Each structure stands twice: as C-alpha cells, then as structure tokens.
Amino acid sequence: MEKSGHLHPLTHVIRHMVGIFRELGFQVAEGPEIETEHYNFDALNIPKDHPARDMWDTFWLKPQNRGLLLRTHTSPVQIRYMEKHKPPIRIIVPGKVFRYEATDSTHEAQFYQLEGLLIDKDISLAHLKGVLGKFFEGLFGRQTAVRLRPSYFPFVEPGVEVDVSCFKCGGRGCGLCKESGWIEIMGAGMVHPNVLRGVGIDEREWQGFAFGIGIDRVAMLKYGIDDIRLLYQGDLRVVNQF
Ligand SMILES: [Zn+2]
C-alpha cells in the first residue's frame, strides 16, 4: 500500500491559529530571523543595559557583525510593520525564534511564536480580552474562559499574563493544570507609548494591544506531548501520530 505524507503537528497548530485570526480580520505579516539590536530590543522599549534584557537569552552573531542577532521573539516584526503601514493595523506574525539556553523537556534553543498586534482608536484591555476570548474558543473549544493577571513586559503598559480555563478538566483541577483549573498560555498588554512614538504613531490618537504565544507549548498541550524536543527530532513514531 502506498503511504501518503502529512503535516507536522506544529504546522497543524499554526494553520489552525492563523485560520481563527483571519476570521477575526487579522492579516499575516513576516520579518527576518536575523535581526538588529535596534528592532529586537531598543525599538521595543528595551534599551541597552536595561535589566529587562536578561529576560531574553540571546544568540549574537560574530563580533564583526556587531549588533546582529537571531531574533529572540517575533515582536520586532511589529516595529517593521508599523514603520511601513499607517493604522488601523491588525496583524499576526507566526515565526521561528531563538534563545541561547540549555534544552530540556520544556525548553528548546529554537521554537515558534505567534505575535499579534492591533492598533486602532479607543482600544482598551477589554478589546484584548474579547479578541483573545474568541481566539481561545476556536483553539480549545467554546467553553474556554480567559483570565488576565498583571505582569511586566517592557513593550506594553499595562502588561498581562493570560490564562485559559483548563480544557482537559473544565476548570475542576487535574494534572495538566496542576490542580488550579487554569493554564498559563501567553503574555500580552497595551502597546507602550514609547513604542508607538518610536515609529511615528501619535499615541494620543491611536492605541493598541499586542500579544505573543508559544506555538510549541500549544501543540504540546493539545496533543499531550510532554517533551518539546520530540517536535524537532523527526522521529516518525512521533510524527506519524498526527
Ligand atoms: Zn485541568
């Protein structure tokens, strides 16, 4: 019997996410994986010597290419897009990112993120919660609830951690959600005025929100994969299950 090919689990998840956001009016944008220090950090309100830089362990390219690095997040695409397009803006950015850290069951030196950016008039955290509510209902099922908790990321103010109600136990508590009923799923917030000013958008006229979600983590949660490294080893015994 002939064997046919099929998609990798990460491709399934990316297509699913992109499909949901397209229905919500978002367009896909892309940017380079080799970035400058300016786009990866400074333009995102993370100046040199700011302690927040320690949040991103960075692969720097050779010293003669000073200032070039492998992007640590998909957020620099926000800056590149806002430099070229006037608001209103509604984009998502699925892409590969890199971190200089040891690998274990939940960390890889490369993984995928999906970034989102919406800029419009009179936008508040309520809009963020509404959009994310629709997204997670599509991703994890209609009964999924969303919860925001205060957090800190330099390029947003205020920043939030986003939790979803556990899709396995429905919020009653189980091993997947560590008996809490909630799963920590993404970082988000209102775009920092410094970021908007830096790309020439008047922050008194326009506001917006941004979010970033780890695609590998979602694939692991959805498919019950307990080691991120399995997604990159090309082991057919794993891949053929999808
Ligand atoms: Zn649970």
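1. Two strands count as paired here if DSSP finds at least two bridges between them. Strands (E, at least two residues) and helices (H or I, at least four) are DSSP runs, numbered from the N terminus. Opposite valine 28 stands isoleucine 92 in β4.

2. A word on what you are looking at. This is a predicted model: local features need pLDDT of at least 70, side-chain atom pairs count only at pLDDT 80 or more, and totals for chains, interfaces and linings use all residues. Residue numbers start from 1 along each chain as its sequence is written.

3. Now the whole sheet. It is open, has seven strands in the order β1-β4-β5-β9-β8-β7-β6, and its pairing is mixed. Which strands stand at the edges? They are β1 (27-28) and β6 (146-151); each has a single partner strand, so one side of each is left without a neighbour in the sheet.

4. Strand β9 (residues 207-214) is worth a look. Seven of its eight residues are buried, so the rest of the structure largely encloses this strand. Buried means 20 or more other C-beta atoms within 10 Å of the residue's own, exposed means 12 or fewer, and partly exposed lies in between, with C-beta atoms placed from the backbone. On one pairing, β9 runs antiparallel to strand β5 (residues 110-120) over eight bridges, and aspartate 120 has glutamine 207 in β9 as its bridge partner. On another, β9 is antiparallel to strand β8 (residues 182-191), with five bridges; glycine 189 stands opposite alanine 210 there.

5. Keep going along the order and you meet β7. β7 and β8 pair in the antiparallel sense over eight bridges, with aspartate 163 opposite glutamate 184 in β8. β6 joins strand β7 (residues 156-165) through six bridges, again antiparallel, and the two form a hairpin with four residues between them. Within that pairing, serine 151 has glycine 159 as its bridge partner in β7.

6. Which residues of the largest nonpolar core touch the most other members? Out of 55 residues, they are Leu132, Ala188 and Ala210. Helix α4 (residues 125-140) contributes the most to this core, seven residues. Such a core is a set of buried Ala, Val, Leu, Ile, Met, Phe, Trp, Tyr and Cys residues joined through C-beta atoms within 7 Å. Setting aside neighbours within four places in sequence, alanine 210 is in contact with Gln78, Gly116, Leu117, Phe155, Val156, Ala188, Gly189 and Val191. Contact means that C-beta atoms, placed from the backbone, lie within 7 Å.

7. Helix α1 (residues 9-23) and helix α6 (residues 215-223) cross at roughly 105 degrees, their axes coming within 9 Å. Axes are lines fitted to C-alpha atoms, for helices over the stretch in contact, and angles run from 0 to 180 degrees between N-to-C directions. That makes α1 roughly perpendicular to α6 (65 to 115 degrees; under 35 is roughly parallel, over 145 roughly antiparallel, the rest oblique). The contact residues comprise eight nonpolar, no polar and two charged. Here Ala, Val, Leu, Ile, Met, Phe, Trp, Tyr, Cys and Pro count as nonpolar, Asp, Glu, Lys and Arg as charged, and the others, Gly among them, as polar.

8. Two cis peptide bonds to check. One runs from proline 87 to proline 88, with omega near 5 degrees, and proline 88 sits in the loop between α3 and β4. Another joins glutamate 157 and proline 158, omega about -5 degrees; proline 158 lies in strand β7.

9. Finally, some loop residues. Aspartate 49 is not a glycine, yet its phi is positive, about 70 degrees; its place is the loop between α2 and β3. Why does aspartate 49 count as exposed? Because it has 5 C-beta neighbours inside 10 Å. Lysine 178, in the loop between β7 and β8, also has a positive phi, near 55 degrees. Lysine 178 is exposed, with 12 other C-beta atoms within 10 Å.

Definitions and conventions:
Two residues are in contact if their C-beta atoms, placed from the backbone, lie within 7 Å.
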